[in-house]
Amino acid sequence: MDDIHFEQVDRVDALGKACGTTEYMSDLSFPGMLYAWFVRSKYPHALIKNVDISRAMALNGVVTVLTAADVTGFNGFGIVNPDMPVICGDKVRYIGDTVALVAATTERIAEQAAALVDVDYEVLPVVDDPIEALKPDAPKLHDKGNVCLHTLITKGNVEQGFREADVVIEHEYRTPRQAHVPLETESGVAVPEADGSLSMYAGSQYAFRDQLQLARILGMNPRMIHVYSNPVGGGFGGKDELTIQGGIALLAMKTGKPVKVFLSREESLVSGWKRHPFIIRMKTGFKSDGTMLANDVTCYEDKGAYTSLGGPILNLALEHASSLYRVPNTRHEGWAVFTNNGVCGAFRGFGVPQVLFALESNMDEAAEQLGLDPVTIRRKNVLHQGEVSPIGHTLRTGVSMDLVLDAIEKSELWQHREEYKKTDKPWLRRGVALALAPQGAGLGLGIPDYGGAYIDLDGDGSFTLRIGLVEYGQGTHTGFTQMAAGLLHVHPSRVRIVAGQTEGSVDAGPATASRSMYTASNAIAAAFRDFGVKVAGALAAKYHTGADAVCEAKDGGMTTPVGFRTYEELAQEFSQESPLRWEGYFVWPTADREIPGAAGLPHWIYSFAAQAALVEVNTLTGETHLLRVATALDTGHTVNPQQVEAQIDGGVAQGEGFALFEDTLISKGQVRTRNFSTYIIPTVQDVPEHEYIILENSEGTSALGVRGIGEVVMVPIIPAVALAIHDATGVWVRQLPSTPERVYRLLHPGL
Amino acid sequence: MIKEFEYHAAQDLKEALELAEQFGPRKRFLSGGTDVTVRLKEGLVTEDVIVDLSHVAELRFVREESGVVHVGAGATHADLGASPIVRQHGHALALAASRVGSSQIRNVGTVGGNVANASPAGDTIPALIVLDAVVSIANRKGTRDVPIIDFFTGPGRSVLASEELVTELYFPVTGPGELTGFGKLGSRQAMTISTANMAFYFRIGDNRRIVEARIAFGSVAPTVVRAHRTERMFCQLPPLLSWDAIRGAAQMAWKEVAPIDDLRATAVYRKEAVVGLLAEAAYEALASCWHER
Amino acid sequence: MNVKIKLFQDYKQYHDTPEYELELPAGTTAGEIVRQLGIKGPELAYLILILKGKRVYDEYVLQDGDELVFAAPIGGG
């Protein structure tokens, strides 16, 4: 199927989104709908002594107020460990925690009622530093203590490696608590149906898991819960876990009325999931020719209050802590530690941006000390297919570290970097640096990773593709359409998609982990094969053509043993069969051996990108502008070049935000950056010019050769920006975001 | 939650002043609304009457008469940034207005609102100060004029009485031999509250020296401040383009500002940054008339 | 008929070995295996059954040679 042709079309969702006609779940209204308000904790850490709802219930327009006792099923949620209460009963662990839920006839009344819920707290000391939280006498957030997960992966002997090293680089790095800030905040409507079932309309990244989490909370049969989660107004990982769904589901089932909530930006920034800040201590040893000998890494992941995906994120970070470089001796240790600093969960990159900022920085510093250039030292160490990774598994699938490195070296920006660095202002300095990254794709070993797709032939000869994977802005639905159309030999306009709903689409796993395009390529191809087989079988039965008849898609129809048939003709021919549905299922390949002590590791397939950045630093103020970026990316097989470039644009902007602007500041458990005037994301004025270099090293385990690229495009840009600041000014950035004041203080250490 | 309030949309200046008198301290004016609506959402508006000035067309103008530029309080930042009069005769003000918020904010936010708000971070204020602007203030009985440097009494506070309204700002035209400029430090390129801002005015004498200088800094004191000692340093510069000399003169600003630590930056960094803002903008402006030896 | 059972994550605690084979009478459903294992409470609510990448439910009638996966829909990477 490598010769498949992908017809290029505009984004299938472009017109509706540009014109504002697309209905997001947060746009929906239902007759008799009530409005929810989440009563949030006043304190980041406290015991709940009493909750009095009488004043709130007495307010005209209030329909119900729920407390922990009203949770009908299991009062907890969490993808890995359901330790986050839907409504806290005895304890709160961050200021976004819910202590009661209000439903009222208007949003205003609901908010007023929330202020009338009287909660008696016994305030506990705030735990706000993950390293302090590990000490034996630290106050405990959970009964089991503050350690969410501890992982240690070792290979070889790092001490031996350091003894043999000519240069050893050792530093501590810190990374920000980045917020996802999707345009559509956490929102949705829960609708109780006449048959006792519940419909949940809420944009999220995995309807089929939401269904089970809601079943657990409500104590209901999952098949009595219908989840509609597509389209999503931006996710980036922040809607992988449940957000508001549990609360509005309880309210809807209690009141028998549809219940809606749409969080304000302020409430979203205070209560929502964030990227885990990491403190990384990394010691890396090199020989004088640049060969890496050892890497000793300790990561402290600020977990926030509840588990969610903190474990897999820590482990993916540790998997990547030495990148895919040839390091014979490694010691990767990590601690995911509970604190009262909000809640952290999945976020594009999933731990990899944090550790590669540290590693690529140590790499450039070693190169500088050894008099090597940044390309040479990396080329010396990149791994190839068939070699053993730094955590000890053999790389069986394609490895493109060398390809993206070669391509970024040949980029216009890197080739002409000395010219780009010229400036005639005495106070300005420009620098160029590069970095590269692998990003493990899929869910990892030990986690069933699978996906299905249905292709329905509709009566008019067009097709409906049914697949669980949602569109939250990535452009995947355009890609799915092109893949299905390419296999079927029809124009993509003949394929429509039904996605992200437990009724009418099929479970294909979460839209996370750079897995959507890859999973869909295999599930759709499997459904297409089923299509050919079933059509051939049906024709054989009808026309007695023999059992070995073969059908092939061609020119808007199929060649069959009884001649060419258009899809319209086939639809008519088999119109009695209902539905005309073909099914495809796919299971991800995984490693045959796990990494001991590290659940989920290793990953089997990787994405690869290298990026170079040109920055300009104002030495008078520390302001840093990212002027130009070159990206070399291996797509495996490009389905839609425009969407690939758009993913690069978005990834670079999000990486730039991580590197220069974004951080949720929390002090003593209170969020200080509650809106967009203090939580700073780049605007269109801040994003750079781009140079795109697209490589196609086909991924052999995809029926169509594709790799996921959604995450890796934001990773190398982060160290590249930090290292370009070094190239410009000579200072090493160890803490991100690299705000003007931070850069200024590095330039003037005595200040 | 936005609280409930009484709302009046004034159709002309006369009605606005009547409403001002009627409601006195109970009312808050809203012009472009770019600040008031944010404060309403944050629960920071104590008044319970909003008087909307955005329909008062007679306050929206820019004109030049007899060597004086008149800017109506209702002129938007976009108006100022695009006005040939302001660009030519009050360049610093055009630059400052162009750095406010974003296009959307500049299309509705007004210079009158920026001044009356009296924020120490207001971007047009240092520019108006170095242009020696005068604030025209009206109430139902008449008008009075206040030099802008005397207008502000503290953060968010001014000499405006509750029944008064800023109607206009006016300043003498700048011409050949007069340089003005503006600089701003924020957390990104647009949509950013100034961490520090700065405007300057230099009059170049026959000997090409600076014979008169006015320098103002914002976000580094309870109100926007003039930096008189720094101005004298610039007047002592030899007329040669020297980065070190210009930076040295700007260094005096360190002693003339009294910033605070807040979420955006620390005080000591703000002091350093205003020196940089001034040095950078002054160097660029003086490069047009001075040359390196 | 012969059916292979594969237990993942927390469901491993319900059997001595995470993978095992069963000889079953024809007509045995997936739900009967779930009940045999004694999976209850929140773990039952969060259980998914997968057959070659396809979700199946309690009423699914097992076929000779099936490999039935017991897992929670957790995420990773």
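Two strands count as paired if DSSP finds at least two bridges between them. Keep that in mind for this tour of a predicted model.

**Stop 1: strand E3 of chain C.** Select residues 48-51 of chain C, which make up strand E3. In a regular strand the side chains alternate between the two faces of the sheet. Show the side chains here: Ile48(C) and Ile50(C) belong to the covered face, while Leu49(C) and Leu51(C) belong to the uncovered one.

Stop 2: Ile50(C) stands opposite Arg55(C) of E4(C). Together the two strands form a hairpin, with two residues between them. Which residue in the turn has a positive phi? Select Lys52(C), whose phi is about 50 degrees.

**Stop 3: strand E5 of chain C.** Return to Ile50(C): in E5(C), the residue opposite is Val69(C).

**Stop 4: where chain A touches chain C.** Show both chains. The contact takes 35 residues from chain A and 16 residues from chain C. On the chain A side, the elements that give two or more residues include helix H6 (207-218), helix H9 (310-319) and strand E25 (581-587). Select H6(A), which gives five residues, the largest share of that side. Then colour the side of chain A that touches chain C by class: 22 residues are nonpolar, nine are polar and four are charged.

Notes. Residues numbered from 1 in each chain as written. Chains lettered and ligands numbered in written order. Predicted model: local features only at pLDDT ≥ 70, side-chain atom pairs only at ≥ 80, totals over all residues. Buried ≥ 20, exposed ≤ 12 C-beta atoms within 10 Å, placed from the backbone. Helix = DSSP H or I, 4+ residues; strand = E, 2+ residues; numbered from the N terminus. Contact = placed C-beta atoms within 7 Å. Nonpolar A, V, L, I, M, F, W, Y, C, P; charged D, E, K, R; others polar.
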